[in-house]
Each structure stands twice: as C-alpha cells, then as structure tokens.
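Subject: Structure handover

Hello,

Here is the structure I promised to pass on. Please open it first, then read my notes below.

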Amino acid sequence: MTTSKQPTKVGIKGLRLKLWLELYTYFYGNASSALTEAQQRELAQITPFKQRDLERLLKRYADYDPSERGVRGITFDVCVTIPEFCGNKFVPKVIASYQDPSSKKIFPKQFLLICAVLSSKTPPQKKKEYLFDMFDVYKTNVFTHDEMFRIYKTLLGSTVTDDVILDLTFRALRHPDLVNEGEITKEEFVKMIPDNEIMQRMTVDL
C-alpha cells in the first residue's frame with residue numbers, strides 16, 4: 001500500500017513563491033522594468049509582505065500604471081498623490097529615494113520597496129535605520145548640523161520658524177548621551193528616536 005507524500009512547510013512556501021513569480025512574470029515578464037527571477041526571490045525575502053500582500057500591491061500599482069507590463073512607470077507627482085500617501089511629510093523623500101535614476105519614475109520593484117519601508121509590518125529599528133541612511137547624503141555615517149536641521153525641517157515644515165528648528169538641532173547635537181558632542185552616529189540616532197514616534201511618523205499602509 002502506497003501513501004501520498006505530504007508537502008513540507010518548505011515545499012509549500014516554495015510553491016507559493018513560484019505561483020507569485022509566475023503571476024508577476026505574467027504581468028511584467030518581458031518588460032524593461034521586469035525583475036529577474038533572482039530579483040523577484042530577493043524581493044519576496046526582503047519585504048515583510050506575504051504573497052497575498054504582494055499581489056494586492058501589484059494590482060494597486062497597476063491602477064496608476066495601466067500599461068500592459070508596467071513599463072510606463074509612475075511619475076513622482078502621481079505617486080505622492082496616492083490618497084494614503086497624502087499628508088505624510090516623509091513620504092515624498094522616501095519616494096524620491098527610490099526613483100529610477102534615468103527616467104525618474106517608479107516601477108513595480110521600487111513601488112513595492114516604498115510600500116515595505118512605510119508598512120506597519122516593518123519594525124521600528126529598520127525604519128529608523130532607513131531614515132538615517134536617507135538623510136545621510138554625504139555618506140559619513142554621522143549626523144551633524146546639516147542633517148539634523150533637514151530632518152527637523154522635513155518634519156515640522158512651515159509650522160515653526162527656522163530659529164526654532166535651529167534650537168532643536170543644537171539641543172539634539174548636545175544630547176548628554178552622545179559619545180562626541182556635535183555628532184550623532186546611526187546607533188545613537190536609532191536609540192534617540194522612540195519606537196512609537198517612528199511608527200507614527202513613517203507608517204502608511206496601502
């Protein structure tokens with residue numbers, strides 16, 4: 001008597017991933033913006049989304065890029081006007097950081113990565129590290145006056161004067177827990193920002 005072999009958890013996960021890859025390839029497969037199979041696997045691993053989340057977000061992407069295989073892309077101006085994105089002060093910078101260098105558009109992969117950064121499923125530690133990297137334009141791995149001023153300016157905008165932002169900047173750079181006064185490392189920045197604060201400021205679910 002033969003018995004049917006039960007699929008393992010690994011096998012089921014692999015099957016689900018394969019089905020998602022086939023779905024993605026069906027919609028975006030022979031386009032210039034399409035991902036390689038390796039990139040698709042990587043994307044499924046580095047985002048916090050399950051298969052059904054990825055499928056839903058790809059459908060949402062298609063609402064703004066109706067081209068057959070997603071080759072047209074979404075412009076920055078269109079992306080920032082997605083209803084859920086409107087009003088969040090950090091969203092425009094997150095979108096800008098994922099724009100395609102040549103076309104300045106957002107394609108399926110970038111769209112999913114943007115959604116991943118902003119997702120409530122992404123832990124606060126990763127959000128804070130991403131925020132640091134996004135504002136570390138000089139790639140020095142430390143924040144000084146310029147970076148802290150720009151963060152506060154982005155956060156507060158025109159609600160306060162530049163003098164107030166300067167005062168907040170100087171206070172942050174003189175924090176007693178800093179190893180070197182006037183410099184904030186990534187580790188210090190991550191510790192400085194409360195988890196609930198970053199989740200409130202940098203969470204948008206589509």
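In these notes, a contact means heavy atoms within 4.5 Å. Keep in mind throughout that this is a predicted model.

**Overall picture**

The chain has 206 residues, and 38% of them are buried. It holds 11 helices and 4 strands. Take the contacts with a separation of 6 or more: 63% of them come from residues 24 or more positions apart. The chain exposes about 12300 Å². Carbon and sulfur atoms supply 54% of that area.

**Confidence**

The average pLDDT is 84. A score of at least 70 is reached by 81% of the residues. Residues 24–34 need care, with a pLDDT below 50. That stretch still has 30 contacts in the model beyond near neighbours in sequence. Where pLDDT is low, the predicted coordinates should not be read in detail.

**Helix 6**

Is helix 6 mostly covered or mostly open? Covered: of its 11 residues, 10 are buried. Helix 6 spans residues 108–118.

**E147, a buried charge**

Look next at helix 8, residues 145–156, where E147 is found. E147 is buried, yet it has no salt bridge. Which side chain of opposite charge is nearest to E147? R150 is, at 4.7 Å.

What does the side chain of E147 reach instead? The backbone nitrogen of T144, at 2.9 Å. E147 also touches residues from elsewhere in the sequence. Leaving aside neighbours within four places, its contacts are F135, Y138 and V142.

**Salt bridges**

Side chains of opposite charge can pair when their charged atoms come close. The count here comes to 9 salt bridges. Three of them are worth a look.

Start with D53 and K121. Their side chains meet in a salt bridge, 2.6 Å from N to O. The pair links distant parts of the chain, 68 residues apart. D53 sits in helix 3, residues 51–64. K121 sits in the loop between helix 6 and helix 7 (124–135). D53 is buried, because its relative accessible area is 8%. K121 has a relative accessible area of 43%, so it is partly exposed.

Next come E84 and R60. Their closest N and O atoms are 2.7 Å apart, in a salt bridge. This pair also links distant parts of the chain, 24 residues apart. E84 lies in the loop between helix 4 (76–79) and helix 5 (91–97). R60 lies in helix 3. E84, at 30%, counts as partly exposed.

An α-helix has 3.6 residues a turn, so residues three or four places apart point the same way. R201 is partly exposed, with a relative accessible area of 35%. E197 is partly exposed too, with a relative accessible area of 28%.

There is also a network. Salt bridges that share partners join D53, R56 and K121.

Finally, go to the loop between helix 7 and strand 3 (142–143), where K139 is found. N141 is in this loop as well. Most residues other than glycine have a negative phi. K139 has a positive phi of about 55° although it is not a glycine. N141 is another residue other than glycine with a positive phi, near 65°.

Is K139 buried or exposed? It counts as exposed, because its relative accessibility is 59%. And where does the side chain of K139 reach? To the backbone oxygen of D133, at 3.5 Å.

Over to you.

Best wishes

Key. Residues are numbered from 1 along each chain as its sequence is written. This is a predicted model: local features need pLDDT of at least 70, side-chain atom pairs count only at pLDDT 80 or more; totals for chains, interfaces and linings use all residues. Side-chain values use heavy atoms; hydrogens and water are left out. Buried means under 20% relative accessible area, exposed over 50%, partly exposed in between (1.4 Å probe, protein chains only). Helices (H or I, at least four residues) and strands (E, at least two) are DSSP runs, numbered from the N terminus. Lys and Arg count as positive and Asp and Glu as negative; His and the chain ends are not counted. A salt bridge is a side-chain nitrogen of Lys or Arg within 4 Å of a carboxyl oxygen of Asp or Glu. A polar contact is a pair of N or O atoms within 3.5 Å; within protein, one must be able to donate a hydrogen and the other to accept it, and residues adjacent in sequence count only if both atoms are side-chain atoms. Accessible areas come from the Shrake-Rupley method with a 1.4 Å probe; for residues, only the protein chains shown count as cover. pLDDT is the predictor's confidence in each residue, from 0 to 100.
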